[in-house]
Amino acid sequence: MKNCTLVIMAAGIGSRYGKGIKQLEVVGPSGELIIDYSIYAAKRAGFNKVVFIIREDIEKEFREAIGDRIQDQIKVEYVFQDINNLPGGLHKPADRTKPWGTGQAVLACKGIVNEPFVVINADDYYGDMAFEKVYEFLCQAKDGLEKPEYCMVGFQLGNTLSENGSVTRGVCQVSENHQLVDVIETTGIHEEDGKIVSDLDNPLTHKELVSMNMWGFTPDIFEVLENKFIDFLQGLSSDDIKSEYLLPNIVDQLLKAGKCNVTVLTSSDRWFGVTYHEDKDFVVNSILQLIENDVYPKDLYK
């Protein structure tokens, strides 16, 4: 059994734990959050550590709301995403208040995560199949290759839609040997009369593979993230206080430069999350159905 880590991006959780914080919506019959099902599925697949990326100002509340009740189930560590924590002696613009994005979030794990890892969003449900496939891939992954081998999980577009409004998805172009070629950020995706429409001119079906920000990496990604973050920061104009350093963009740059391979692992499970407040009922009912089908116990931590 190989050491592999689950990295959960949760720095976007608000400092007031209450109504309106979608990552903390109770969706399970015993008080479980979506994040609990991700941890349970990852542990069952073989992952033996979870690292939460949070902000330092919410550490106490986060531990009380999530971390403390899972620390007996799996090894838990915390890293902090800080807007002021920049490499190369650089400093943020004085007026910058917006977080730097998912690239900086994962970079915060440097020195803490020294084994292959999967990174996910805190508020998304990915299903057992996704974790099983990523774990199997990472068990074979080798660190320090001249051309690193990474992976991502692609979900069928029709399994990622919301009944309550349009969504944005990264539509993947995949080669015949399951390698990621490109990810096209596509907005306004929704279903009308059984057909999927979007802001793209090209028609979509239910079967396109889309990225839901579930990536598998080896630790060599951290040096890449740091160097590219320095380039990103140095390339900003002095009045740019909104540009973000995003993980999918970084992977795309590496692909275009021929500096990595990304294997697309496909899952037939339904993804779900609380994109809209009205999505909660669907998520709750989906969890209950999974419990009835014996995918999960009624109480995850009993």
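The structure is a predicted model, so local features are reported at pLDDT of at least 70 and side-chain atom pairs at pLDDT 80 or more, while totals for chains, interfaces and linings use all residues. Numbering starts from 1 along each chain as its sequence is written, and side-chain values use heavy atoms, with hydrogens and water left out.

Asp279 sits in the loop between β12 (272–273) and α7 (280–292); helices (H or I, at least four residues) and strands (E, at least two) are DSSP runs numbered from the N terminus. Asp279 is buried but has no salt bridge. Here buried means under 20% relative accessible area with a 1.4 Å probe, protein chains only, and a salt bridge puts a side-chain nitrogen of Lys or Arg within 4 Å of a carboxyl oxygen of Asp or Glu. The nearest side chain of opposite charge, Arg169, is 7.6 Å away. What the side chain of Asp279 does have is a polar contact with the side chain of Asn164, at 2.6 Å.

As for disulfides (cysteine sulfur pairs within 2.5 Å), a search of the whole structure turns up 0. Cys151 is in none, the nearest cysteine sulfur being that of Cys4, 9.9 Å away. Cys172 has its closest cysteine sulfur in Cys151, at 12 Å, too far for a bond. Both are buried: Cys151 has a relative accessible area of 0% and Cys172 one of 10%.

In helix α6 (residues 247–256), the buried residues are Leu247, Ile250, Val251, Leu254 and Leu255. They lie on the same side of α6, because they cover an arc of only 140° around the axis, taken from the directions from the helix axis to the C-beta atoms. After α6 comes Gly258, with a positive phi near 70°.

Key. Buried < 20%, exposed > 50% of the residue type's maximum accessible area, 1.4 Å probe, protein only. Lys, Arg positive; Asp, Glu negative; His and termini not counted. Polar contact = N/O pair within 3.5 Å; in protein donor to acceptor, adjacent residues only side chain to side chain.
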